[in-house]
Amino acid sequence: MSALIAESQPVVNVSSQTRVLAVIVAILFLALILDLVRRRKLQERYTVVWFLAGLALLVLAVVPGVLGWLAERAGISDTNAALFSITLVVAGLLLLNLTVVVSKQAEQITRLSQELAILRSRGEEEEEPADEERVPAP
Amino acid sequence: MGDRGHAEVLLFIPAFNEAETVADVVRAVRAELPEANVLVVSDGSTDGTAHRAHQAGASVASLPFNLGIGAAIQTGYLYALRHGYRFCAHLDADGQHRPEDVRRLLDAVREGRCDLAIGSRYKTPSTDELVAGEGSSHYVPTFLRRMGTALFRQMLSFVTRHRFTDTTSGLRAANRQAIELFASEYAGDYPELESLHSLVRNGLTFEEIPVVMLPRAGGRSKFNPINSAFFIFKGLLVLFVGVLRRREASGPGSGSGP
């Protein structure tokens with residue numbers, strides 16, 4: 001039914017050539033993610049969002065009706081413009097996700113540095129503070 | 001601790017490139033409070049701050065890189081927690097706080113009057129607290145700073161429903177309960193404000209004690225208009241998020257309570 005709606009409207013459809021290309025890109029993308037995990041360059045916990053993005057790309061490429069339906073729903077007459085908009089939103093969400101990860105790591109680094117400073121101070125009460133700042137004699 | 005005895009009070013001084021003044025501050029507080037151990041938290045200093053502090057007789061905890069004042073202060077609280085101190089106090093490394101004020105703040109927590117004592121530059125001393133010939137009038141903040149602190153004072157007082165006169169004070173004394181709280185949460189982007197908010201949220205008590213601010217003994221203030229604006233933005237965000245957190249916390253709790 002969604003396909004019917006898309007066809008009945010003056011929607012600029014994505015050409016079959018583009019669709020084939022998109023399917024290939026999506027499959028290569030998913031393969032790349034799997035390969036990165038295999039080579040331990042990417043931790044499993046961070047692959048979920050990327051997998052979802054890759055699968056979404058694949059679905060949009062294989063079933064053009066979905067993209068037409070989304071474009072229709074968003075009131076965008078040009079399917080290509082809809083594609084770009086969706087891509088932009090997804091990219092933004094992925095970036096936000098990255099910032100969340102970075103924030104968490106920053107917190108962990110802070111705590112590690114504090115623990116290190118405390119541990120180091122304990123062994124040094126009788127020695128010189130082994131700081132990065134070794135002063136040259138004035 | 002070992003040969004340093006079992007002191008129950010830790011005084012710590014967060015310092016970022018304060019080599020000019022830190023040794024004098026360490027000597028001054030050691031003279032005023034000989035019963036306490038003194039720790040300088042060097043926040044990634046590169047000018048010999050740790051060295052000078054050590055020579056002046058303080059223990060030194062050096063952070064491997066600059067983490068900001070909140071994380072530096074939290075390091076002090078964490079140190080106090082790990083080494084089993086019952087009380088701690090911290091003051092700035094630039095010599096703006098008087099050692100005798102540190103003692104008065106510590107007395108407030110040692111006598112059990114509050115969990116956290118805050119040195120306030122703006123609270124007017126009552127007559128018995130007023131030292132002859134001295135008042136809080138030594139410290140004259142810049143216009144921008146006065147505006148900022150006034151704004152935060154109002155907002156924090158509104159959010160917590162407690163009256164604060166000085167929300168950005170770097171002179172505080174804490175008992176064990178406050179040490180435990182601040183060791184676990186202090187390193188936010190606006191630590192002074194956030195910590196007061198979480199203190200009230202966790203049901204701890206505080207008391208503001210009027211103190212005298214001296215002019216800086218050396219070094220430079222790390223404030224300029226741009227980071228002040230950023231500071232104000234962060235402050236507003238912290239308070240706003242703090243209000244949301246409180247609602248979130250009290251919502252399910254009030255419903256499922258026995």
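The buried residues of helix α4 in chain B are B:Asp101, B:Val102, B:Leu105, B:Leu106, B:Ala108 and B:Val109; a residue is buried if 20 or more other C-beta atoms, placed from the backbone, lie within 10 Å of its own, exposed if 12 or fewer do, and partly exposed in between. Seen down the axis of α4(B), these residues fall within an arc of 155 degrees, so they line one face of the helix; the arc is that of the directions from the helix axis to the C-beta atoms. The structure is a predicted model, in which local features need pLDDT of at least 70, side-chain atom pairs count only at pLDDT 80 or more, and totals for chains, interfaces and linings use all residues. Residues are numbered from 1 along each chain as its sequence is written, while chains are lettered from A and ligands numbered from 1 in the order in which they are written.

**The two chains**

- Chain B contains eight helices and seven strands, where helices (H or I, at least four residues) and strands (E, at least two) are DSSP runs numbered from the N terminus.
- Of the 258 residues in chain B, 46% are buried.
- Among contacts in chain B between residues at least 6 apart in sequence, 75% join residues at least 24 apart; two residues are in contact if their C-beta atoms, placed from the backbone, lie within 7 Å.
- Chain A has five helices and zero strands, and its pattern along the sequence reads α-α-α-α-α.
- In chain A, 15% of the 138 residues are buried.
- Of the contacts in chain A with a separation of 6 or more, 64% involve residues 24 or more positions apart.

**Helix α4 of chain B**

- Helix α4(B) covers residues 99-110, twelve residues in number, and reaches 16 Å from its first C-alpha to its last, close to the 16 Å expected at 1.5 Å a residue; the expected span is 1.5 Å times one less than the number of residues.
- An α-helix has 3.6 residues a turn, so residues three or four places apart point the same way.
- The cover over the buried residues of α4(B) includes β1 (9-15), α1 (19-32), β4 (87-90), β5 (116-120), β6 (172-175) and β7 (206-210) of chain B.
- Following α4(B) is B:Gly112, whose phi is positive, near 75 degrees.

**The sheet of chain B**

- Seven strands form an open sheet with mixed pairing, in the order β3-β2-β1-β4-β6-β5-β7 (chain B); two strands pair if DSSP finds at least two bridges between them.
- The edge strands are β3 (59-63) and β7 of chain B, each of which pairs on one side only.
- From one strand to the next, the twist averages 20 degrees.
- Helix α6 (residues 176-184) of chain B lies across β4, β5 and β6 of chain B and runs at about 105 degrees to β6(B); axes are lines fitted to C-alpha atoms, for helices over the stretch in contact, and angles run from 0 to 180 degrees between N-to-C directions.

- β1(B) pairs with β2 (residues 37-43) of chain B in the parallel sense over six bridges.
- Within β2(B), B:Leu39 is the bridge partner of B:Phe12, and B:Val41 is that of B:Pro14.
- The chain passes from β1(B) through α1(B) to β2(B) in a right-handed β-α-β crossover; right-handed denotes that, with the strands pointing away from the viewer, the path from the first strand over the helix to the second runs clockwise.
- Seven of the seven residues of β2(B) are buried, so this strand is largely enclosed by the rest of the structure.
- From β2(B), B:Asn37, B:Leu39, B:Val41 and B:Asp43 point one way, and B:Val38, B:Val40 and B:Ser42 the other way.
- β2(B) and β3(B) run parallel and are joined by five bridges.
- The chain also crosses from β2(B) through helix α2 (residues 49-55) of chain B to β3(B), and this β-α-β crossover is right-handed.
- In β3(B), B:Val60 stands opposite B:Val40, and B:Ser59 stands opposite B:Leu39.
- Five of the five residues of β3(B) are buried, so this strand is likewise largely enclosed by the rest of the structure.
- B:Ser59, B:Ala61 and B:Leu63 point one way from β3(B), and B:Val60 and B:Ser62 the other way.

**A:Phe29 in chain A**

- A:Phe29 is found in helix α2 (residues 16-38) of chain A.
- With 17 C-beta neighbours inside 10 Å, A:Phe29 counts as partly exposed.
- Not counting residues up to four places away in sequence, A:Phe29 touches A:Gly54 and A:Leu57.
- The C-alpha atoms of A:Phe29 and A:Ser16, which are 13 residues apart along the chain, are separated by 20 Å.
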